[in-house]
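Hello,

Here is the structure we talked about handing over. Please have a look at it, then read the notes below.

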Amino acid sequence: FHSLGLGDPVAVSALSGTGSGDLLDRVVAALPALEDTDSVPIGLRLAVIGKPNVGKSSFVNRLLGEDRVLVHDEAGTTRDAIDTFLEFEGERVCLIDTAGLRRRSRVDDDVEFYSRLRATSAIQRSEVCLLVVDCDSGVTNQDFHIGEEAWNAGRGLVLVANKWDLIEDRGPDALARFEKELRERAHYLRWVPIVTTSALSGRRVRKVLEVAREVQRERSRRIPTAEVNRVLRALVDRKQPPQGGRGDVRIYYGSQVDVEPPLFVIWSNRPKDLKTSYVRYVSNGFRREWGFEGSPIRISVRERRDAGRDPR
């Protein structure tokens with residue numbers, strides 16, 4: 001072993017662990033000194049999600065300006081969620097490159113099963129998810145399912161249409177048709193910003209960070225209670241709640257009680273009789289007034305027996 005010229009060998013036993021501590025000491029001593037970044041707060045956590053082989057890792061490498069994560073033509077190269085950091089306009093951003101998510105019925109080995117668990121966990125610990133789709137080969141239902149998973153988890157969402165440079169007709173009309181088709185195929189995409197990019201050339205890749213940061217601002221907005229009730233009063237005046245079989249359904253007032261994502265509470269005398277379609281009507285009215293682009297909003301209807309303040 002000495003004759004190999006690789007330095008003093010370390011005798012270890014993988015079975016009993018003998019010598020493993022000495023080996024670890026040698027490895028640590030050989031590592032280069034790292035900058036102390038733990039004290040620098042993370043401004044934004046972004047999870048890069050999507051199907052296998054849509055260019056997620058290439059997109060991350062282009063953002064970082066170097067080949068930090070492995071890229072290969074074969075689908076499924078990324079097996080684990082990989083955290084990397086970059087500075088963007090004075091803010092420290094955490095990028096989480098995830099394994100490609102296939103339909104659960106097609107996850108056929110243990111490695112892919114746990115890869116999917118880690119990708120789902122990455123969604124949970126992120127603030128905004130970047131849904132990368134391959135606009136050259138076409139957007140599929142699986143793309144929409146992945147986006148819906150992040151949306152239902154309450155995360156902000158940006159749709160990144162990658163490989164846009166491969167589309168022959170890339171004019172404004174083609175882009176408008178592309179966006180219209182996507183928003184018609186998935187209802188939640190009506191509220192999600194769409195950014196066309198090319199990870200190969202770097203076109204509009206940094207734009208995604210700007211949009212993601214704005215989505216997080218929207219996700220963190222808090223609307224004053226007086227403003228909530230002004231808009232709620234106008235919505236009720238325009239369209240009364242459908243009446244149930246047990247008497248009048250009345251809406252008294254509302255308030256925003258949480259952020260990330262925005263959560264509104266509406267008090268009613270008969271919350272169980274307030275139809276889902278009417279709650280959706282109120283939600284759409286809130287969006288028209290305040291936007292919340294890229295962020296889901298949630299509405300909880302609670303019971304209040306007294307008359308309270310009636311926005312009608």
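β5 and strand β6 (residues 194–196) pair in the parallel sense over 3 bridges. Strands are DSSP runs of E, at least two residues long, and helices are runs of H or I, at least four, both numbered from the N terminus. Two strands pair if DSSP finds at least two bridges between them. Val160 has Val195 as its bridge partner in β6. From β5 the chain crosses through helix α5 (residues 172–185) to β6, and this β-α-β crossover is right-handed. Right-handed means that, with the strands pointing away from the viewer, the path from the first strand over the helix to the second runs clockwise.

This is a predicted model: local features need pLDDT of at least 70, side-chain atom pairs count only at pLDDT 80 or more, and totals for chains, interfaces and linings use all residues. Residues are numbered from 1 along each chain as its sequence is written, and side-chain values use heavy atoms, without hydrogens and water.

β5 also pairs with strand β4 (residues 128–134), parallel, over 7 bridges. There, Leu157 in β5 is the bridge partner of Cys129. β4, helix α4 (residues 141–152) and β5 form a right-handed β-α-β unit.

How many residues of β5 are buried? The count is 7 of 7 for this strand, residues 156–162. Buried means under 20% relative accessible area (exposed is over 50%, partly exposed in between; 1.4 Å probe, protein chains only). Gly156, Val158, Val160 and Asn162 point one way, while Leu157, Leu159 and Ala161 point the other.

Best regards
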